[in-house]
Amino acid sequence: MNTEKDFSPLTPNIVRALNDKLYEKRKVAALEIEKLVREFVAQNNSTQIRHVIQILASEFALSQHPHSRKGGLIGLAACSIALGKDSGLYLKELIEPVLTCFNDSDSRLRYYACEALYNIVKVARGAVLPHFNVLFDGLSKLAADPDPNVKSGSELLDRLLKDIVTESNKFDLVAFVPLLRERIYSNNQYARQFIISWILVLESVPDINLIDYLPEILDGLFQILGDSSKEIRRTCEVVLGEFLKEIKKTPSSVKYAEMANILVIHSNDLIQLTAMTWMREFIQLAGRVVLPYSSGILTAVLPCLSYDDRKKSTKEAASACNHSLMKLVTPEDDEDEEVAGDSDSPPRADSPPKTEGDTNGIPAIKSCNFMFPCSSTSLENVTLDLDGIVQVLDRHLHDSTTGMMTRIAVLKWLYHLYIKTPRKMFRHTDSLFPMLLKTLSDESDEVILKDLEVLAEIASSPAGQTDASDSCDNSDNKLELQVPVAANATLSCIIGSKVGDSSPSTPSMNSYFYKFMINLLKRFSLERKLLENRGAFIIRQLCLLLHAENIFHSMADILLKEEDLKFASTMVQTLNTILLTSAELFQLRNQLKDLRTQESCALFCCLYRSWCHNPVATVSLCFLTQNYQHAYDLIQKFGDLEVTVDFLMEVDKLVQLIESPIFTYLRLQLLDVENNPYLIKALYGLLMLLPQSQAFQLLSHRLRCVPNPELMRTSKPAGAKRAAYAHMDYNDLLKHFDRVQSKHLEVRHQRSGRTDHPDRKLML
């Protein structure tokens, strides 16, 4: 530095001392400067004061020489001390050169800059608040300084500044938030710690309402929440907890709209729990206001439901979100205006935009980004985003990686929507139907059960009676199996001439019921493992959900027209086993047992015609309905059938069933030999069919218990016991049995390569 340059009013001695490399000499010069400035203050000579500050700043603090810069910093601090309460008038000139030194490459110089600024701020106190942003910006850089002395100095200055902000009621939050929003995305741990500590301080000041600006910094807070440092995460959790408490205290002033997206997009394991907790509170506080945006919430919530115990808390929070959101859907959401159902009418202005499906036939999911309206939004304008919800649910069903609990939640949602908003949901049924059928092959019994509940609701809902007929005609190409033309007559018998009428003794079904039964049997036909492993479970549950008579009546009718005779025989055998052994079929067995009503006789005839695909099942049906003479007539025809090992195994199973509690009444009727001769003859017929196996010994032993076998020779006709039999044409039933068995025989010959057909009585 040129010592001959005029630095007045600074004396040459002061100038030389400020440039000295020794700290003690620079300190002596600072004391002289303090004394000089005090004199100018006493004289009220602001011109000379500014001139001194300007010289210290430009000629020393901003000098190229390191010792000069150190002298300038200590000189500026001395000026501030001398000015006292008047330092606020010169803060800009005092602070700017010091902050410039924060960027110096010399760590000692950065430390002296911290020390100088500390003295300036300590004297000025609240007067520095108009310059807070530049101070905060400088401190945020020093917070990550590699030198421990510099960091220590910056922490002292930081605590002083926090005390001043806490004590003052003149803090300009509006001016500060943009800087905070910018700095909050720093990846440096020290900078993050600095930022989060300041947010915690500002949140604790009663006069500073930081909650209004929370949407601008919430995303950054969640970024910090994912930091690898436990201490930083813990501090951030405290900050977010304080914000959440304030939200609960003043829910009406919260800007849900601007924060909801942030919660949805944060799926990092470390921060997801907090995001779910906040989302749960948002749903509970905002209520039905969130309904138009529920698809975005479900996008974030549903995957969390399949978490294991390692993420138990997140799973529980997500489950609470899911349940709270589900409760918001009510029947009033099904009451839209008439134009909503008109495809040619323009969409409502307040309805969310619809998305088109992708080229693979799977509906494209709406973006998870959504916005909540302000809490002041009128609930009259709230519209359920049903299209978006269905797209999200359908996507999760299609995704093979979806967890079991998520799939269950999806099916619960679909069931809930069909219950609460059936009219609107039936517009989506054709697109959902194939995937619901496919879900029946799921590995989880609980998933299958929930899926059956949804399908049962679709099949029985009154809402399906209005739209289902048109849907059936227009969307058969979307189904796995179309309703055959020949089924129209039978369909009118089952579901009535009016949609919804079914068998008189059962509740009404809509036309989706018959479509469901056709597709279910088709699925069993294509997936034999499904039939073997889950067939009985599925059918039994359907009998509980849709009434057994409906299920058996419709399946029997469909199987009557089944072209795959081997499958028809297997399916009849499965249905027959369920009918004879399942507790769910107790009422139906009793209905068939007595045949006292026209409906029960009609059901027997319907079942019989399909049961003819399996001779042994047909005989067991006759045993169940106490048609013993007809059972005997059928067994007489077994001699003309091709007896196979499978056939004998079925007879073996029938013998086992006769010994089961289901046929207790039949065994007791053996005591009345006079009135049940054909029962005994039929059982002897089965005995003659069997090889001398365990089943043979079992049945033989049972027949030896029949009293006075000589009475079997009676010619007294049976059947007078029930007048209800009189109107049934058993000859016609036998002819039908012959026709069906003839078809089975022909198919077996074709499969075995035989083209010659011996003259048999069964070939009609």
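Which residues do ring pairs link into a cluster? They are Phe132, Phe136, Phe171, Phe176, Phe194 and Trp198. Notes on this and other features follow.

1. Basis. This is a predicted model: local features need pLDDT of at least 70, side-chain atom pairs count only at pLDDT 80 or more, and totals for chains, interfaces and linings use all residues. Residues are numbered from 1 along each chain as its sequence is written, and side-chain values use heavy atoms, with hydrogens and water left out.

2. Aromatic pairs. The structure holds 23 of them. Rings of Phe, Tyr and Trp (its six-membered ring) pair if their centres lie within 6.5 Å; planes under 30 degrees apart count as stacked, over 60 as edge-to-face and the rest as tilted. Take Phe132 and Phe176: the ring centres are 5.1 Å apart and the planes stand at 75°, so this pair is edge-to-face. Phe132 belongs to helix H7 (residues 132–142) and Phe176 to helix H9 (residues 173–183), so the pair ties together parts that are 44 residues apart in sequence. Helices here are DSSP runs (H or I, at least four residues), numbered from the N terminus.

3. Buried means under 20% relative accessible area, exposed over 50%, and partly exposed in between (1.4 Å probe, protein chains only). Phe132 has 2%, so it is buried. Phe176 has 0% and also counts as buried. Then there is the pair of Phe663 and Tyr665: their ring centres are 6.1 Å apart and their planes at 40°, so the pair is tilted. Phe663, at 0% relative accessibility, is buried. Tyr665, at 13%, is buried too.

4. Charges over rings. A charge sits over a ring if NZ of Lys or CZ of Arg is within 6 Å of the ring centre and within 35 degrees of the ring normal. Arg26 lies over the face of Tyr112, at 5.8 Å from the ring centre. Lys681 lies over the face of Tyr632, at 5.7 Å from the ring centre.

5. Helix packing. Helix H11 (residues 214–225) packs with helix H13 (residues 256–265) at an angle of about 10°, and their axes are 9 Å apart. Axes are lines fitted to C-alpha atoms, for helices over the stretch in contact, and angles run from 0 to 180 degrees between N-to-C directions. H11 and H13 are therefore roughly parallel to each other (angles under 35 degrees; over 145 is roughly antiparallel, 65 to 115 roughly perpendicular and the rest oblique). On the H11 side, the contact (heavy atoms within 4.5 Å) uses Leu214, Pro215, Leu218, Asp219 and Phe222. H13 supplies Glu258, Met259, Ile262, Leu263 and Ile265.

6. A covered helix. In helix H20 (residues 429–438), seven of the 10 residues are buried. They are Thr429, Asp430, Leu432, Phe433, Met435, Leu436 and Leu437.

7. Backbone points to check. Most residues other than glycine have a negative phi, and most peptide bonds are trans. Ser8 and Pro9 are joined by a cis peptide bond, with omega about 10°. Pro9 sits in the segment before helix H1 (12–18). His547 has a positive phi of about 80° although it is not a glycine. His547 lies in the loop between helix H25 (528–546) and helix H26 (548–560), and at 38% relative accessibility it is partly exposed. Gln626 also has a positive phi, near 65°. Gln626 is in the loop between helix H30 (615–624) and helix H31 (628–637). At 11% relative accessibility, Gln626 counts as buried.

Definitions and conventions: Helix = DSSP H or I, 4+ residues; strand = E, 2+ residues; numbered from the N terminus.
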